[in-house]
Amino acid sequence: MHHWRRDVVELAALFTAVAVADGVANLVGHGPDGPALLAVSAVALGATAGFHTWWARRHGHAPPTGDTDARPRSEEPQAGPSELPSQVTEESTLWRMRTTVKDAPGSLAALCAALAGHRVDILSLQTHPLGEETVDEFLLRAPGGLAAAEITRAVARAGGNGTWIERADAHDLVDAPTRVLGLAARTALDAAELPLALRQLLGRCTIRSLPAAPGGSGRGQEGVPVEGVLEDTVMRLRAPEGGVITVERPYLPFTPTEFARARALVELDARLGPRVPRGQDVLTLPEGNAITVRRADPGDLAAAKAMHDRCSSRTLGMRYHGPVGDADRYLRHLLSPRFGRTLAVQTPSGRVVGLGHLLWDGDETEVALLIEDQWQRRGIGAELLGRLVAMAVEAGCESVYAVTQASNTGMVAAMRGLDLPLDYQIEEGTLVITARLDGAVTRARAGSGRYDERVARD
């Protein structure tokens, strides 16, 4: 549209210039005022050229922005995708933080404003009222370059005190009610899950179970009412079998809310009574003998004692690291799901020929094996150990340790066969082998490549 208009104007200007030039030439050549007319013609031609130049600049070849939605090109150089500041995503870090503030209007708002000032996002918040104060527990997402000390200083300026902070992970993104319900479901299925559930509920803590003393007296029942006791960083709960479960967290006091949740899990365990998942795997050993691997419980006490009677003094001594006569009194403790998980190996006739234990030792985890003499060196120990370590990985344990002797070449070989990083320590003539599980891919079955396996579920 604009192109033909411009062409018409240019042609009109050209014809006008030619006509004016012809008329000027005739007047100059034949009229008395020729020189004056020549000067006037020069001025007219200059004006025409100036008008044409102005018009060309005013209406160039680029289309008008109003007709095409085009915008003037920026004078600044365009950055590539990696150089655009608005597209750079800063690495973020998850934090769990707990702080105490006065139970007054505006105290929580001041904390939130202080965190927002450092570009910290609050993902979840729980409050634990404590009379005149309130403990606020946050799950935070902060910029990767923001140190924990900067967060705590900002919280302190906003009125928080006794602040505690540590790194969190994706598992902490689950809200508290969902996490508690999941832990309750795990505890309902397996009594051995109670210590693990308490640890996941309360964070890094040490859990010890003290059995009830015979005859109704002793440390196991001293001063612990049915509803339990909360003492700052220690809580004591009456165990279903009459003993005491002690939970310690020295770095952070327990709140009444946490105490109530822990007590509810213990009460659920007491109402459901003893329970162990009833599954079993039937395996064929290389020489053709069939064995069954299953979870053991206190009902296997008699069969376990009978296996003790068939074991040599050397085998029992390597397992229990003490007088052989004391071995039997450990069995009731070892077979209780309160203190861990036990796997039993039995023959088709029902004879127990091997036991594997995964024991909750405070905030650590121990593995132990006992194989009857005539069934040793057949791969049973490696099979049990692989299953126990797989259980530990599933339970979220960071490591497991085995206490043995350097002369127990079978146990040492089984630990090496896990293909995990191992640490060796000698303590008073005893060899302690620790396998680190964090970040490791552990075999669910240590001997899966050597056995034909079929699974039978009760």
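Reader: What should I know about the model and its numbering?
Author: The model is predicted, so local features need pLDDT of at least 70 and side-chain atom pairs count only at pLDDT 80 or more, while totals for chains, interfaces and linings use all residues. Residues are numbered from 1 along each chain as its sequence is written, and side-chain values use heavy atoms, with hydrogens and water left out.

Reader: At what angle do H6 and H7 pack?
Author: Helix H6 (residues 176–189) and helix H7 (residues 194–202) pack at about 170°, and their axes are 9 Å apart. Helices here are DSSP runs of H or I with at least four residues, and strands are runs of E with at least two. Axes are lines fitted to C-alpha atoms, for helices over the stretch in contact, with angles from 0 to 180 degrees between N-to-C directions.

Reader: Parallel or antiparallel, then?
Author: H6 and H7 are roughly antiparallel, a label for angles over 145 degrees.

Reader: Which residues make the contact?
Author: H6 contributes Arg-179, Val-180, Leu-183, Arg-186 and Thr-187, and H7 contributes Leu-194, Leu-196, Ala-197, Gln-200 and Leu-201. Contact means heavy atoms within 4.5 Å.

Reader: Turning to H5, which residues are buried?
Author: In helix H5 (residues 148–157), Ile-151, Ala-154 and Val-155 are buried, meaning under 20% relative accessible area with a 1.4 Å probe, protein chains only. They fall within an arc of 100° seen down the axis of H5, so they line one face of the helix; the arc is that of the directions from the helix axis to the C-beta atoms.

Reader: What do they pack against?
Author: The buried residues of H5 pack against strand E1 (92–102), helix H4 (107–117), strand E3 (133–143) and strand E4 (161–167).

Reader: Which members of the largest nonpolar core touch the most others?
Author: Of its 35 residues, these are Leu-358, Val-367, Ile-380, Leu-384, Leu-385, Val-400 and Met-415. Such a core is a set of buried Ala, Val, Leu, Ile, Met, Phe, Trp, Tyr and Cys residues joined through side-chain atoms within 4.5 Å. Helix H12 gives the largest share, seven residues.

Reader: Where does Arg-351 lie?
Author: Arg-351 is in the loop between E11 and E12. Arg-351 is partly exposed, with a relative accessible area of 39%.

Reader: What does Arg-351 contact?
Author: Leaving aside neighbours within four places in sequence, Arg-351 contacts Arg-310, Val-345, Gln-346, Glu-372 and Gln-374.

How values were computed: Parallel < 35°, antiparallel > 145°, perpendicular 65-115°, else oblique. Buried < 20%, exposed > 50% of the residue type's maximum accessible area, 1.4 Å probe, protein only.
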